[in-house]
Amino acid sequence: MTCFHCTCDATSGNARALSYQTAHGCFRTPMFMPVGTSATVKGVTTDQLHAIGSQVVLSNTYHLSLRPGADLVAEAGGIHAFMNYDGPMLTDSGGFQVFSLADTVKLDSEGLTFRSIYDGSYVRWTPEENMRIQELIGADIAMQLDQCTPYPAERSFVAAAVDLSAAWARRCLAAHTRPDQTLFGIVQGGMELDLRLHSVDMLRRIEEESVAAGGRRFGGFGIGGYSVGESHDVMFETLGTVVRALPEDRPRYLMGVGNPTTLVRAVREGVDMFDCVLPTRTARMGTAFSSTGRMNLRNAKYARDFTPLDPACCCSTCRNYTRAYLRHLVKQNEMLGAILLSVHNLHFLIDLMARAREAVLAGAYEEFYQDWMASPAAKDY
C-alpha cells in the first residue's frame, strides 16, 4: 500500500496543499476532477484532458456496471486502458444515482435492489458486491457504498441513512482487498451538524477497529449529501466544522460541487478535492465560466463580439476562438460549441485550483480568497 501516500506540503489558515501518490501517479491539491460518468468526459478527449491539466478523472460504478459491464471493463485491462487515460482515476460507488431513483429502490438489512435505467431489469447490490464491481473496474480510488439523502428530509430519515452508511462503510472496508486501489469512506448527515459529526466519529471508529484487526484503513474521506438542493450558504453553515473533524493526514473530498466561488470558499474551510458535472453540462447549454462572471453565449450581445471568450484565460478555446464564433456554434447546436466550451470550463476550474494551491504554498490563501470574492468572477451563479 506504499503507493497511497499523502503528504501535506503547506497550510494557509485551514486551506491545505497535499500531494497524494497513487498507482497511476501523484495528484496535488486543491484540485477539481472532471467527471467521466461512462468512461468519457463528454465531448473531451483524454489528450485534451491532459492538455488542460487534469489530474484525476471520475467514472461511475452505477453506469459502468450496467453498460458495458464491469467484467468487460476488466477484460479490456481496467478503466485506464479501456478509456486510454493513464492518470489517477476514481469511481463513485453509484449510491447517489441509485437513491436519486428512490421510487425504484428497495432497501433491506443486507443491501438494496433497484431497477436499471437502461432496460428495467432488477439489480441487486450489497456493499460486498459494490466493492467487487469497483475492483473489477480498477480505478485508483473507490468510494464506499452509501445512502445519500435529499434536501429537505426528515431528521429521522437522515439519521437512519447515517447509520446505514456507516454499516456499509464497515462492510466495504472489510471486503475491499485490491492492493493497487484504495477506498474512501463517506460522511453523510444532511444539514444536521450533530449527525454529520456522528458520521465522522463512526468512520473513525470503523477504521480503528479495522486496523486493530490487521485490516485496512480508508485512503481518504468523501463528504456526501451536500449540493442536493440546499443553498450553498446553508451548506457552509456546517461544512467547515465537518471538514475539520476529519483526519488531517488524508484528503477531504467534497462530492458533487462545481461552482468556482464555492470551490474557493470550500478550500478555505479545508476541502482538498472536488468533482461535478456542472462545467460540462453548462457548456452543453452554451454557458461559460469567466473572469467577469458566468456568461451565456446565447445572448445577442456576443453576435459581433470578435474578442476571446475570456481574455484572462489561456486555454485552447480562448486562444483560438471568438465569442461571436462560439455563439454561432451554440445557436446552431453544433457539437463543436459544446466541446470548446467544455474544454474552457474544465480548464477554468482546474486552473483556479492550481492558483489556489500556489496561494496556499505562499501562505497567502486568505488574500487569494478576498481577491476572488471582490472580483466579478465570483458572480458565477
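Student: Which helices and which strand each supply at least two residues of the lining of the largest pocket?

Tutor: Strand S5 (57-60), helix H5 (95-100) and helix H12 (278-284) each give at least two residues to that lining. The largest share, four residues, comes from H12. Keep in mind as we go that this is a predicted model.

Student: How is a pocket found, and what volume does the largest pocket have here?

Tutor: The general idea is simple. Rolling a probe the size of a water molecule over the atoms shows where empty space is left. In this structure the largest pocket has a volume of about 750 Å³. It is lined by 34 residues, and the closest to its centre are Phe96, Gln97, Gly256, Asp275 and Val277.

Student: How many residues of each class are in the lining of the largest pocket?

Tutor: Sorted by class, the lining has 13 nonpolar, 15 polar and six charged residues.

Student: Let's step back to the whole chain. How many helices and strands does the secondary structure come to?

Tutor: There are 16 helices and 16 strands. For the overall form, look at the radius of gyration. A compact globule of 381 residues would have a value near 21 Å, and this chain has 20 Å, so the two agree. The C-alpha trace spans about 65 × 50 × 40 Å along its principal axes.

Student: What percentage of the contacts join residues at least 24 apart?

Tutor: Taking contacts between residues at least 6 apart in sequence, 67% join residues at least 24 apart. Buried residues, meanwhile, make up 57% of the 381 in the chain.

Student: What should I look for inside, and which residues have the most contacts in the largest nonpolar core?

Tutor: In soluble globular proteins, nonpolar side chains tend to be buried together. Here the largest nonpolar core has 84 residues, and those with the most contacts inside it are Ile79, Trp125, Leu239, Leu254, Phe274 and Tyr365. Helix H15 (residues 335-361) gives the most to this core, with 10 residues. There is also a second, separate core of 18 residues, which includes Leu18, Leu58, Met143 and Ile186.

Student: Now a residue in a loop. Is Met255 buried or exposed?

Tutor: Met255 has a relative accessible area of 12%, and buried means under 20%, so Met255 is buried. It sits in the loop between strand S13 (252-254) and helix H11 (260-269). Ile223 is 32 residues away from Met255 along the chain, yet their C-alpha atoms are separated by 5.9 Å. Not counting residues up to four places away in sequence, Met255 touches several others, including Ile223, Tyr226, Met143, Ile186 and Asp275.

Student: And Cys148: where does it lie, and what does it touch?

Tutor: Cys148 lies in the loop between strand S10 (141-143) and helix H7 (155-175). Its relative accessibility is 11%, so Cys148 counts as buried. Beyond residues up to four places away in sequence, Cys148 touches Phe96, Phe99, Gln188, Gly225 and Val228.

Student: You mentioned helix H11. Why is H11 said to be largely enclosed by the rest of the structure?

Tutor: Count its buried residues: nine of the 10 residues of H11 are buried, so the helix is largely enclosed by the rest of the structure. Among them are Pro260, Leu263, Arg265 and Glu269. Just after H11, Gly270 takes a positive phi of about 115°.

Student: How do I read phi and the peptide bonds?

Tutor: Most residues other than glycine have a negative phi, and most peptide bonds are trans. Ala39 is not a glycine, but it has a positive phi of about 65°. Asn84 also has a positive phi, near 60°.

Student: Are Ala39 and Asn84 buried or exposed?

Tutor: Ala39 is buried, with a relative accessible area of 12%, whereas Asn84 counts as exposed at 58% relative accessibility. Ala39 lies in the loop between S4 and helix H1 (46-51), and Asn84 is in the loop between helix H4 (79-83) and strand S6 (89-92).

Student: Where is a cis peptide bond?

Tutor: One joins Thr29 and Pro30, with omega about 0°. Pro30 lies in the loop between strand S3 (25-28) and strand S4 (31-33). The peptide bond from Arg67 to Pro68 is cis as well, with omega near 5°.

Conventions
Residues are numbered from 1 along each chain as its sequence is written. This is a predicted model: local features need pLDDT of at least 70, side-chain atom pairs count only at pLDDT 80 or more; totals for chains, interfaces and linings use all residues. Side-chain values use heavy atoms; hydrogens and water are left out. Buried means under 20% relative accessible area, exposed over 50%, partly exposed in between (1.4 Å probe, protein chains only). Contact means heavy atoms within 4.5 Å. On a 1 Å grid over the protein atoms alone, a cavity is a set of points where a 1.4 Å probe fits but cannot get out, and a pocket is an open set with protein on both sides within 12 Å along at least five of seven lines; lining residues have an atom within 4 Å of a point. Grid points are joined across faces, edges and corners, and a volume is the space filled by probe spheres set on the points. Ala, Val, Leu, Ile, Met, Phe, Trp, Tyr, Cys and Pro count as nonpolar, Asp, Glu, Lys and Arg as charged, and the others, Gly among them, as polar. A nonpolar core is a set of buried Ala, Val, Leu, Ile, Met, Phe, Trp, Tyr and Cys residues joined through side-chain atoms within 4.5 Å. The radius of gyration is taken over C-alpha atoms; the globule rule is 2.2 Å times the number of residues to the power 0.38.
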